[in-house]
Amino acid sequence: VIVLANHFIACGWYALSFAGMKNWREQYFTDQDHDEFGYRYATSLHWSLTQFTPASMEIFPQNKWERFYAVTTLLMALVAFSSFVSSITQAMTHLREMNAAKLQEDHEVKSLLRLPT
């Protein structure tokens, strides 16, 4: 789900660069090697992924609409990442509770059978 969301965010980031103002695409894609679609897509996806992690990248918004898109993406990423961490924490807590219940049952069985614990 996160990878798919990053794909759409990257496509939106790239599409926003055609809005007609000074933009990140014109600022950073200056070399002939940058004309390839694969390179441009990978750069946009890289930018999108860095919004979800504490990583950094040399591409920055160049106008108010790109800045707004970047801030909105960061807020969405904050919520998504927090939810992801929360679900992992919940799963770990559930596993610990299941383990504690099993240990308690084992202890009760051994107590009933008067086996050493």
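How many salt bridges does the structure hold? In this predicted model, where local features need pLDDT of at least 70 and side-chain atom pairs count only at pLDDT 80 or more, totals for chains, interfaces and linings use all residues. Residues are numbered from 1 along each chain as its sequence is written, and side-chain values use heavy atoms, with hydrogens and water left out.

The structure holds one salt bridge, the term being used for a side-chain nitrogen of Lys or Arg within 4 Å of a carboxyl oxygen of Asp or Glu. The partners are Asp106 and Lys102, whose closest N and O atoms are 3.1 Å apart. Side chains of opposite charge can pair when their charged atoms come close. Asp106 and Lys102 are four residues apart in helix α4, and are thus separated by about one helical turn; helices here are DSSP runs (H or I, at least four residues), numbered from the N terminus. With a relative accessible area of 32%, Asp106 is partly exposed, and Lys102, at 46% relative accessibility, also counts as partly exposed, where buried means under 20% relative accessible area, exposed over 50% and partly exposed in between (1.4 Å probe, protein chains only).

A search of the whole structure for aromatic pairs finds nine of them. Rings of Phe, Tyr and Trp (its six-membered ring) are taken to pair if their centres lie within 6.5 Å, and planes under 30 degrees apart count as stacked, over 60 as edge-to-face and the rest as tilted. The pair of Trp13 and Tyr69 is stacked, because the ring centres are 6.2 Å apart and the planes lie at 25°. Since Trp13 lies in helix α1 (residues 2–16) and Tyr69 in helix α4 (residues 64–113), this pair ties together parts that are 56 residues apart in sequence. Trp13 is buried, with a relative accessible area of 0%, whereas Tyr69 is partly exposed at 22%. Phe37 and Tyr41 likewise form a stacked pair, because their ring centres are 6.3 Å apart and their planes are at 20°. These two residues are four apart in helix α3 (residues 37–52), which places about one helical turn between Phe37 and Tyr41. Phe37 counts as exposed at 64% relative accessibility, and Tyr41 as partly exposed at 27%. Ring pairs also link Trp13, Tyr14, Phe18, Trp24, Phe29, Tyr39, Trp47 and Tyr69 into a cluster.

One member of this cluster, Phe18, has the charged end of Arg25 over its ring, 3.8 Å from the ring centre; a charge sits over a ring if NZ of Lys or CZ of Arg is within 6 Å of the ring centre and within 35 degrees of the ring normal. Arg25, which is found in helix α2 (residues 24–28), is buried yet has no salt bridge, and the nearest side chain of opposite charge, that of Glu26, is 4.4 Å away (Lys and Arg count as positive and Asp and Glu as negative, while His and the chain ends are not counted). The side chains of Arg25 and Ser17 are instead joined by a polar contact of 2.9 Å, defined as a pair of N or O atoms within 3.5 Å, of which, within protein, one must be able to donate a hydrogen and the other to accept it, with residues adjacent in sequence counting only if both atoms are side-chain atoms. When neighbours within four places in sequence are left aside, Arg25 is in contact (heavy atoms within 4.5 Å) with Tyr14, Ser17, Phe18 and Arg40.

Tyr28 is likewise placed in helix α2, and counts as partly exposed at 23% relative accessibility. A polar atom of the Tyr28 side chain lies 3.2 Å from the backbone oxygen of Glu58; residues up to four places away in sequence not being counted, Tyr28 touches His34, Glu58, Ile59, Phe60 and Gln62. Tyr28 and Leu113, which are 85 residues apart along the chain, have their C-alpha atoms separated by 74 Å.

In helix α3, Thr50 counts as buried at 7% relative accessibility. The side chain of Thr50 reaches the backbone oxygen of Trp47 at 2.6 Å and makes a polar contact of 3.2 Å with the side chain of Gln51. Beyond its neighbours within four places in sequence, Thr50 is in contact with Ala55, Ser56 and Met57.
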